Amino acid sequence: MARRLHKQRYLLDFALSSLWRRKGKNLALLGVYSLLVFVLASVLFFTQALKREAALVLAASPELIVQKLAAGRHDLIPAAYAERLREIRGVSRVSGRLWGYYYDARVRANYTVMAPEEVAVPEQAVLVGAGIARGRHLSRGSTLTFQGYDGTPRAFQVRGVLSPESELLTADLVLMAAADVRRLFGLAEGLYTDLTVAVNNPREVATVAAKIQELLPDTRPILRDEIRRTYEAAFDWRAGILLSVFSGALLAFLIFAWDKAAGLSAEERREIGILKAMGWETGEVLQLKFWEGAVVSLTAFFMGTLAAYLHVFVAAAPLLAPVLQGWSVLYPRFRLTPFIGLFEVAILFFFTVVPYTAATIVPTWRAAGLEPDQVMRS
Amino acid sequence: MLMSPAILALLGGGGLTAGLLCTAAAAGVPLLRHFDLADGSERQLRLERRTSLISTLVAHGAAFELVGLFLFLSTADRLHPFFVGAMCAAGTLNAHPWGYPALLARLAVSILAGVWLIVHYTDCQGYDYPLLKLKYALLLPMAGLSLAAAFAQARYHLGLAPEVITSCCGALFSAGAPTVAASLAALPRRPLGLAWGAALLVLLGSGLSLIRRGRGGYLFAAAALGAFPVSLAAFISFLSLYFYELPTHHCPFCVLQGEYGYVGYPLFLALLTGVVAGVGVGVLMPFRHRESLAATLPRLQARLAALSLSGYGLFAGLCLHRVWVSALRL
């Protein structure tokens with residue numbers, strides 16, 4: 001065993017020195033290979049991180065939301081509906097939410113205006129998200145004016161800016177008292193934007209949703225799991241499309257790798273001829289070539305992965321963010337939680353190392369099969 | 001089809017691996033027909049040269065198959081949120097009729113690939129290609145199976161539709177359901193526990209005999225092959241209950257989830273190692289008296305037996321540890 005290990009170590013030594021002797025060619029290959037790994041890894045890491053953020057955000061959202069529909073569109077829901085929902089067995093709490101969108105022509109962005117359940121906001125005062133505070137240069141004590149549904153301007157005093165840690169959720173959020181929301185949007189008493197329903201047993205949420213649909217056919221129950229599934233599918237789809245687009249680049253790289261492995265220089269042919277003349281067998285030359293390929297593959301894999309990690313988790317993925325994460329005027333500033341799983345590494349391995357290895361086996365074997373007399377004659 | 005990076009990687013990787021193995025099998029047919037070490041013709045020389053190409057192709061293909069099996073399982077597990085009713089890989093695989101055939105085909109290819117790697121390694125120890133014909137004969141069903149696995153996997157992944165409502169482990173592995181899995185879950189615990197214990201004891205006895213005295217190779221291989229389905233049945237029937245601490249949950253896939261510390265991966269990897277190394281011992285038995293292998297083969301078989309025992313030992317150890325520490329008492 002020790003002898004075999006020593007032999008492999010010597011082969012690895014020889015492979016490294018052989019790679020270094022042809023550093024121009026090998027550095028070019030390494031550069032292109034690393035770039036490919038970097039692009040694919042960036043897509044994978046970024047998508048995975050966005051999915052994790054979405055899952056974390058959704059963990060705090062209501063597990064079941066009920067909206068009223070009118071002509072297939074979202075409509076305001078009467079408070080009486082809440083009473084009927086409370087009669088369903090398994091429902092522990094039903095509460096009405098008041099929220100809406102307000103278009104601010106000054107920054108050309110939509111705000112989400114909401115009456116919070118947990119925080120008490122005094123009338124004629126607001127709490128604003130960090131995105132709005134940046135866009136409108138607001139701070140505690142500033143005045144923010146909204147135009148009501150009837151055209152009347154309504155002034156609110158900014159009582160505070162929501163913490164930047166929650167920016168992913170609150171960048172475009174304005175929190176105000178329920179009475180102010182009603183006055184701003186002209187909502188009558190007894191009407192809510194939608195209802196949130198809490199269910200005692202999380203496994204019964206789907207059953208409760210089915211009962212709601214039966215009891216109130218003009219409503220639409222939305223499950224938190226459904227929203228999570230939609231996010232997962234959307235991010236996976238975006239990543240899948242990008243990877244499909246990059247498969248052209250992968251193919252080009254494989255042709256490049258094949259060409260590099262097949263096009264032996266006179267010096268390489270001479271080297272193999274000399275090794276064979278000295279008594280090396282084809283299997284040993286193949287092992288040497290395997291080590292050369294492994295060194296290039298692993299180095300490119302690690303370099304590309306590391307660069308992708310820095311790109312996504314340190315630099316916030318400037319090259320991919322516009323395509324993968326979506327866009328908005330008041331886009332939140334947020335930092336993705338660094339995370340790389342074995343699963344992502346295995347996918348990356350299947351995308352890069354497997355095709356590279358498959359593309360270079362035959363040319364490598366041809367190179368290893370060269371005989372000394374062939375080399376001398378040529 | 002779900003446009004997931006994992007699915008794209010599996011589709012591409014599966015196709016490439018099947019391509020490698022089929023190319024190797026096609027290149028191996030002339031070797032099966034014409035290889036003759038006593039022949040000094042140019043054709044024979046060409047065939048001898050070709051062996052190194054085929055070995056390299058298959059060694060890589062086999063390694064990719066083994067990694068691919070676990071990636072396939074892991075992907076099935078991670079896709080479960082897309083299907084209403086699915087809680088783990090059991091539900092995702094059930095979401096399309098080609099799901100379970102794809103898994104079984106991949107499992108069969110992986111076992112065959114492992115055995116092939118053992119035969120290849122042994123062949124390299126002899127100076128006269130002693131296992132060459134066996135090696136290339138094994139390659140044909142392996143390539144066919146690999147192609148079938150890639151096809152089944154492609155049908156499965158391309159046919160997956162998120163709106164499908166599927167049944168998961170709670171229904172598939174519940175004792176009353178009309179499925180094979182449910183029949184396994186319904187197997188009586190005590191007799192099956194005794195059968196599992198007996199299978200492991202026979203394996204241990206024959207393994208120790210092979211390691212110490214070099215005898216009982218066929219018995220050991222048969223015991224290793226037999227212990228595989230018995231261990232799986234025991235896991236589904238009663239061992240799984242201790243992992244979940246639920247007297248009615250028999251799923252073999254939920255243990256792949258983070259909630260259970262991903263313990264399913266070492267469990268099934270150990271089981272796969274046990275069966276592959278054990279079957280490898282049996283496949284090599286007819287060649288014990290070949291002159292070129294006489295010195296190395298018994299030692300190699302002893303090492304394989306030890307590896308197989310370690311695999312089954314790890315599986316049994318992890319399960320028994322769980323039985324010991326579990327809050328569930330049956």
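Leaving aside neighbours within four places in sequence, which residues is A:Ala49 in contact with?

## A:Ala49 and its surroundings

They are A:Phe313, A:Leu336 and A:Thr337, where contact means heavy atoms within 4.5 Å. A:Ala49 sits in helix H2 (residues 23-59) of chain A; helices here are DSSP runs of H or I with at least four residues, strands are E runs of at least two, and both are numbered from the N terminus. With a relative accessible area of 4%, A:Ala49 is buried (buried is under 20% relative accessible area, exposed is over 50%, partly exposed is in between, using a 1.4 Å probe and protein chains only). A:Arg335 is 286 residues away from A:Ala49 in sequence, yet their C-alpha atoms are 9.9 Å apart.

## Ground rules

This is a predicted model, so local features need pLDDT of at least 70 and side-chain atom pairs count only at pLDDT 80 or more, while totals for chains, interfaces and linings use all residues. Residues are numbered from 1 along each chain as its sequence is written, chains are lettered from A and ligands numbered from 1 in the order in which they are written, and side-chain values use heavy atoms, with hydrogens and water left out.

## Two helix pairs

In chain A, helix H8 (residues 224-262) and helix H12 (residues 342-368) have axes that come within 9 Å and cross at roughly 30°. Axes are lines fitted to C-alpha atoms, for helices over the stretch in contact, and angles run from 0 to 180 degrees between N-to-C directions. H8(A) and H12(A) are therefore roughly parallel (under 35 degrees; over 145 is roughly antiparallel, 65 to 115 roughly perpendicular, and the rest oblique). The contact residues include A:Leu250, A:Phe253 and A:Trp258 from H8(A), and A:Phe351, A:Tyr356 and A:Pro363 from H12(A).

Over in chain B, helix H1 (residues 5-34) and helix H2 (residues 42-78) pack at about 155°, with their axes 8 Å apart. That makes H1(B) roughly antiparallel to H2(B). Their contact residues split into 17 nonpolar, nine polar and three charged.

A:Thr219 belongs to strand S13 (residues 219-223) of chain A and is buried, at 2% relative accessible area. Its side chain reaches the backbone oxygen of A:Leu216 at 2.6 Å. Not counting residues up to four places away in sequence, A:Thr219 touches several others, among them A:Val66, A:Leu69, A:Tyr81 and A:Ile212.

B:Ser146, in helix H5 (residues 132-159) of chain B, counts as buried at 1% relative accessibility. Beyond its neighbours within four places, B:Ser146 is in contact with B:Thr17, B:Ala18, B:Leu21, B:Glu65 and B:Val109.

Helix H6 (residues 178-185) of chain A has A:Asp180, A:Val181, A:Arg182 and A:Leu184 buried. Their cover includes strands S6 (109-114), S8 (143-147) and S9 (153-161) of chain A. After H6(A) comes A:Gly186, with a positive phi near 70°.

Positive phi turns up in residues other than glycine too: A:Arg108 has a value near 55° and A:His137 one near 50°. A:Arg108 lies in the loop between strand S5 (99-104) and S6 of chain A, and counts as exposed at 62% relative accessibility. A:His137 is in the loop between helix H4 (130-136) and S8 of chain A, and at 69% counts as exposed.

Conventions:
A polar contact is a pair of N or O atoms within 3.5 Å; within protein, one must be able to donate a hydrogen and the other to accept it, and residues adjacent in sequence count only if both atoms are side-chain atoms. Ala, Val, Leu, Ile, Met, Phe, Trp, Tyr, Cys and Pro count as nonpolar, Asp, Glu, Lys and Arg as charged, and the others, Gly among them, as polar.
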